[in-house]
Amino acid sequence: MKKMTTRLMLIVAACLLLTGCGQGWGWYVVDPTTKSGFINLKFLMSGFWYTILLSIVSLLIAIPIGLLVALPGFSNNVWLKGFNRVYVELVRALPVLVAILWIHYGLPTLFPSIDLPVFWSGVIALSLCETAFLAEIFRAGIQSIPKGQTEAAQSISLSYYDRMRYVILPQALRRILPAIGNQFVYMLKMSSLVSVIGMGELVRKANELAVTEYRALEIYSVLVLEYLVLILVVSAGVRWLEKRMDADESK
Amino acid sequence: MSAAIEMDQVSKWFGDFQALKSVSLKVNKGEKVVICGPSGSGKSTAIRCVNRLEKHEEGSIKVDGIELDDNSVNLVRQEVGMVFQQFNLFPHLTVLDNLTLGPIKARGLSKAEAEEKAMAYLERVHIPEQADKLPKQLSGGQQQRVAIARSLCMEPKILLFDEPTSALDPEMISEVLDVIVALADTGMTMVVVTHEMGFARKVADTMVFMDQGEIVESAAPDTFFGQPRTERCQRFLKQILQH
């Protein structure tokens, strides 16, 4: 309950900051009590759906791939280890925006028959970039589990798969949950870049409205609030999940 | 009849440091071998080689007649149980799940069969009432007894103990040793690395003294404690028995 209050206060404070100050503001443009303001507000909020969908789908795709990239890093095989390092270093160096542009505008030249909708171009770019970071997070999580756990699992002759599935990963996941939550927040923000190829998410909607209403300040202020609310909701969700999984081992 | 464990001229290095120097050791079926020696003498490394938690680099190890290498390691691990100094229980699983994981996943038992077996072994280590708790809710002595029960659930032919009481508070040592002594009476083949000499005298068929990666002395307990041959062994026993 206390946390809820903190969150509410944050939002109220942000609103006051944006509304309170002086001249030049024209909140009428998004005033829900007027008809046009209500329509504008509804238009801005309609971007929520794609922002959320882009981020969730990208994260859900990136998690298993990130794990599959991380695991070879623990192999004694030079090639498998090398694959992990090369993948992480290459993909990590790729800026999200560049990935979006390259996949959406560059790739069709190579494969003219494939016509990727903007949504899927965005998902591929976001999840690709995310896999490198998730792979490193998984690596850190798995590394943090004491060697004795693996040895005990080996001594009861569990296979590699069973060792990972039942002994190492459940423990590692609890430890990296905060980091994955962090990546989800990061993903929510990065999804704004997909607006450049015409995805109708939050930023795109704001841009469209800003050029017709000439009220950039108010419209982008609403945008700031939209992201704030979204991310506060996500971090509350992650905290709830952490509690549910009893992730805090220090207690 | 083949021996339970046959180590022949086994050597092992960690970088430049030679941890095992041509170690040869034969353990017969049903035999109890206690290995002692100063820290860093290679005793843990020696038994960890038996289920390939460490790979030996020279020589050969046969477990129950099977030559131990990368291909046979899973076969061998089915025969060999291990109890660790730090217990190494799975902290996210209940005691019962710790015990049934191996039998279900590696032995293919049904959940009911595995649980029945697990409860039987928990009785044997005197803590059936703790079955639904998490390891962190138990005392060190109880945790180690759970670890012993976990190895037993795999029905191994050989049990290895790597300093099973070294991480325990003094008042918990005897409850664990009692369980191991009772186990020894069932005819299980056991190799125990320990500093508990009273216990060693009670259970050992053979005492082995290691120093600097070598087996320096190997004898029946009476001879070993009564007339140690080498000077190194005499010195070690004098130090350890003074306390």
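This note covers the strands, helices, cores and chain contacts of a predicted model.

1. Conventions. Residues are numbered from 1 along each chain as its sequence is written, chains are lettered from A and ligands numbered from 1 in the order in which they are written. The model is predicted, and local features need pLDDT of at least 70, side-chain atom pairs count only at pLDDT 80 or more, and totals for chains, interfaces and linings use all residues.

2. Sheet in chain B. Helices (H or I, at least four residues) and strands (E, at least two) are DSSP runs, numbered from the N terminus. Two strands pair if DSSP finds at least two bridges between them. An open sheet of 4 strands runs β2-β1-β4-β5 in chain B, with antiparallel pairing. The edges are β2 and β5 (66-67) of chain B; each has a single partner strand, so one side of each lacks a neighbour in the sheet.

3. Pairings of β1(B). Strand β1 (residues 5-14) of chain B is joined by 7 bridges to β2 (residues 17-27) of chain B, antiparallel. Here B:Val10 stands opposite B:Val23. The hairpin of these strands, β1(B) and β2(B), has 2 residues between them, and B:Gly15 takes a positive phi near 65 degrees. B:Asp8 stands opposite B:Ser60 in β4(B).

4. Helix α6(A). This helix covers residues 118-143 of chain A, 26 residues. From first C-alpha to last it reaches 38 Å, close to the 38 Å expected at 1.5 Å a residue (the expected span is 1.5 Å times one less than the number of residues). α6(A) bends by about 30 degrees at A:Thr131 (the angle between axes fitted to the seven residues ending there and the seven starting there). A residue is buried if 20 or more other C-beta atoms lie within 10 Å of its own, exposed if 12 or fewer, and partly exposed in between, with C-beta atoms placed from the backbone. In α6(A), 19 of the 26 residues are buried, so the helix is largely enclosed by the rest of the structure.

5. Helix α1(B). Residues 43-50 of chain B form α1, and 8 of its 8 residues are buried. Among them are B:Lys43 and B:Arg48. Just after α1(B), B:Arg52 takes a positive phi of about 60 degrees.

6. Cores. A nonpolar core is a set of buried Ala, Val, Leu, Ile, Met, Phe, Trp, Tyr and Cys residues joined through C-beta atoms within 7 Å. The largest has 110 residues, and B:Val34, B:Ile35, B:Leu160 and B:Val208 have the most contacts inside it. α6(A) gives the largest share of this core, 12 residues. A second, separate core of 10 residues includes A:Val30, A:Leu44, A:Leu209 and A:Leu223.

7. B:Val208 sits in strand β9 (residues 206-211) of chain B. This residue is buried, with 23 other C-beta atoms within 10 Å. Two residues are in contact if their C-beta atoms, placed from the backbone, lie within 7 Å. Not counting residues up to four places away in sequence, B:Val208 touches B:Leu25, B:Val34 and B:Ile215, among others. B:Val208 and B:Leu25 are 183 residues apart in sequence but 9.1 Å apart in space, C-alpha to C-alpha. With the same exclusion of residues up to four places away, B:Val34 touches residues including B:Val192, B:Ala200 and B:Met207.

8. Chain contacts. 19 residues of chain B are in contact with 14 residues of chain A. On the chain B side, α2 (73-79), β6 (80-83) and α3 (95-105) each supply at least two residues. That side divides into 8 nonpolar, 8 polar and 3 charged residues (Ala, Val, Leu, Ile, Met, Phe, Trp, Tyr, Cys and Pro count as nonpolar, Asp, Glu, Lys and Arg as charged, and the others, Gly among them, as polar).
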